[in-house]
Amino acid sequence: MNKWMIPPALALAAGLTGCGATAAGSAPAEQPGVHDSWVSCEQAEQDAQPVGLTGGFRPVSAVICAERDLPRAVGAPSPAPAERRVTDVTALVSALQLPDEQPTTGACTRILITPPWIALLDAQGRWIHVRVPVDQCRKPRAEVMTAVRKAGPR
């Protein structure tokens with residue numbers, strides 16, 4: 001046996017301790033895509049990429065951005081997004097934590113459903129633009145759309 005060969009069990013243990021382990025008492029990895037403080041839907045929609053919600057971010061409120069439904073002149077710029085603040089985020093967060101469904105091999109409707117643009121805010125005012133899980137047809141999951149509709153105030 002070569003004297004430089006490392007036993008497989010020892011190599012595996014060394015790999016596990018060196019990959020992603022944290023020192024005792026250290027905080028878990030930070031949620032990717034965290035921004036320091038909320039600005040506005042208009043600015044946030046330009047700057048933020050959607051990220052999945054992990055256990056490292058604890059939302060206490062949400063901002064749902066939607067286009068204002070205002071009449072406008074031909075050629076006029078589109079209206080700025082309207083903000084809807086939500087303080088009871090329990091159902092919304094539960095829906096956003098659902099996994100994507102497996103894509104279907106069957107038929108899907110051709111109806112385009114745009115996922116809602118959602119920012120989740122934590123107690124320190126930091127925020128993330130959360131990714132919306134999709135159904136078998138790659139459309140926003142019904143649970144998310146229902147939670148957004150039920151979220152108040154309007």
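Leaving out residues up to four places away in sequence, L92 touches A62, I118, A147 and V148, where a contact means heavy atoms within 4.5 Å. This is a predicted model, so to speak of local features takes a pLDDT of at least 70 and side-chain atom pairs count only at pLDDT 80 or more, while totals for chains, interfaces and linings use all residues. Residues are numbered from 1 along each chain as its sequence is written, and side-chain values rest on heavy atoms, with hydrogens and water left out.

L92 also turns up in the largest nonpolar core, which has 20 residues; L53, L92, L96, I118, L120, I128 and V130 are the ones that touch the most other members. A nonpolar core here is a set of buried Ala, Val, Leu, Ile, Met, Phe, Trp, Tyr and Cys residues joined through side-chain atoms within 4.5 Å. Buried stands for under 20% relative accessible area, exposed for over 50%, and partly exposed for anything in between (1.4 Å probe, protein chains only). Two or more residues of this core come from each of β1 (59-67), α3, β3, β4 and α4, and α3 gives the largest share, 4 residues. There is also a second, separate core of 10 residues, with A48, V63, W117 and W127 among them.

As for the overall layout, the chain has 4 helices and 4 strands, in the order α-α-β-β-α-β-β-α from the N terminus on. Of the 154 residues, 29% count as buried. The accessible surface of the chain is about 10400 Å², and 58% of that belongs to carbon and sulfur atoms; areas were computed by the Shrake-Rupley method with a 1.4 Å probe, and for residues only the protein chains shown count as cover. Among contacts between residues at least 6 apart in sequence, 73% join residues at least 24 apart.

S37 sits in the loop between α1 (8-18) and α2 (41-47) and is partly exposed, at 47% relative accessible area. Neighbours within four places aside, S37 is in contact with G125 and W127. Its C-alpha lies 8.2 Å from that of Q124, although S37 and Q124 are 87 residues apart in sequence.

Helix α4 has its own two sides. V144, A147 and V148 are its buried residues, and seen down the helix axis they fall within an arc of 100°, so they line one face; the arc is that of the directions from the helix axis to the C-beta atoms. An α-helix has 3.6 residues a turn, so residues three or four places apart point the same way. On the other side of α4, A142, R149 and K150 are exposed.

Finally, the structure holds 6 salt bridges, each a side-chain nitrogen of Lys or Arg within 4 Å of a carboxyl oxygen of Asp or Glu. In one of them, D100 pairs with R131, with the closest N and O atoms 2.2 Å apart. D100 lies in the loop between α3 (90-96) and β3, and R131 in the loop between β4 and α4 (142-150), so the pair ties together parts that are 31 residues apart in sequence. D100 is partly exposed at 29%, as is R131 at 33%. Another salt bridge links E143 and R141, at 2.9 Å between the closest N and O atoms; R141 is buried, at 9% relative accessibility, whereas E143 is partly exposed at 35%. Salt bridges that share partners also join D100, R131 and R138 into one network. The side chains of E83 and R85 form a further salt bridge (3.7 Å, N to O).
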